[in-house]
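Student: Please pick one part of this model and go through it closely. Keep the cut-offs with the terms.

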Amino acid sequence: MRSIDPSNQSERENYKLMIGSIIPRPIAFVTSLSPEGVLNAAPYSYFTIVTANPPMVAISVQRKQGVRKDTSRNAIDTGAFVVHISDESYIDQINQTAAVLAPSESEVALAGLTPVASDKIAVPGIAEASIRMECVLEQVITLGGTDEAPAADLLIGRVVQFHIAESLYENGHIDPNGLKPVSRLAGNWYAKLGEQFAMDRPV
C-alpha cells in the first residue's frame, strides 16, 4: 500500500484523496434565508447524521479564502435552514444551484425551483424535494485553516419538522427505492442507489 503523510501535500491533493475515498456521500440540498429576504440554495456533500435524540444533522460548509459562504452566513444570522435530500427527480436543478451568484441573487429562482413555506421556521423549503427537514441552528463550529482564515463552518442543525412524501412513508420507514437518492463521488461523478443487501448484526 502507498503511505501518504497529509502534511507533505497541498490542500488540493488531500482533498482529492478524501473525496475519492469517502464515497458515496449523500447530498444535502440546503436552503437558507438572508436578512434581506433572499432565498439561497446550495448542495453540500460533507453531510451526515449527528444524533437522533434529538434529531440533528451536520453540514460542513467550506469557506473560500476564509470568507463564509451564503449558507453559513444566513444560517448564523437567522438561526435556521432547511435540509432536503437530493434525488433523481430534481438533481439537474440542484446542480444549477452550485453556480456562483452574488448574495443578492437567488439560486432557487435561477434553477426554477418552487419555494414552499415551512411550518416552524421562517426559511422556505423546496417543493420538488420528496424529503425535507426544517432545522434550527444548534451550533456552529469553525474548523481548519488559520485563525485569520478558517477553512470551514460545521453547521449542526436540530430537526424541528420532517416533511416526507406520502409515497415514501410506511410504518415509520422510508422506501429507499422510491426515494431514488443521488450521492456524490469525485470530480463530476455522481451515483444512484445501487445493489442492496442485508446482514444480521452480531448479538
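Tutor: Strand β1 and strand β13 (residues 182-184) are joined by two bridges and run antiparallel; two strands count as paired if DSSP finds at least two bridges between them. This is a predicted model, in which local features need pLDDT of at least 70 and side-chain atom pairs count only at pLDDT 80 or more, while totals for chains, interfaces and linings use all residues. Residues are numbered from 1 along each chain as its sequence is written, and side-chain values use heavy atoms, with hydrogens and water left out.

The pairing belongs to an open, antiparallel sheet of three strands in the order β1-β13-β14. Its edge strands, β1 (25-26) and β14 (190-192), each pair on one side only. Strands (E, at least two residues) and helices (H or I, at least four) are DSSP runs numbered from the N terminus.

One further site concerns charge. Glu 107 lies in helix α4 (residues 107-111). Glu 107 is buried and has no salt bridge; buried means under 20% relative accessible area with a 1.4 Å probe, protein chains only, and a salt bridge needs a Lys or Arg side-chain nitrogen within 4 Å of a carboxyl oxygen of Asp or Glu. The nearest side chain of opposite charge is Arg 73, 8.7 Å away, where Lys and Arg count as positive, Asp and Glu as negative, and His and the chain ends are not counted. Leaving aside neighbours within four places in sequence, Glu 107 is in contact (heavy atoms within 4.5 Å) with Leu 39, Asn 40, Ala 41, Asp 70, Thr 97 and Leu 101.

How values were computed: Buried < 20%, exposed > 50% of the residue type's maximum accessible area, 1.4 Å probe, protein only.
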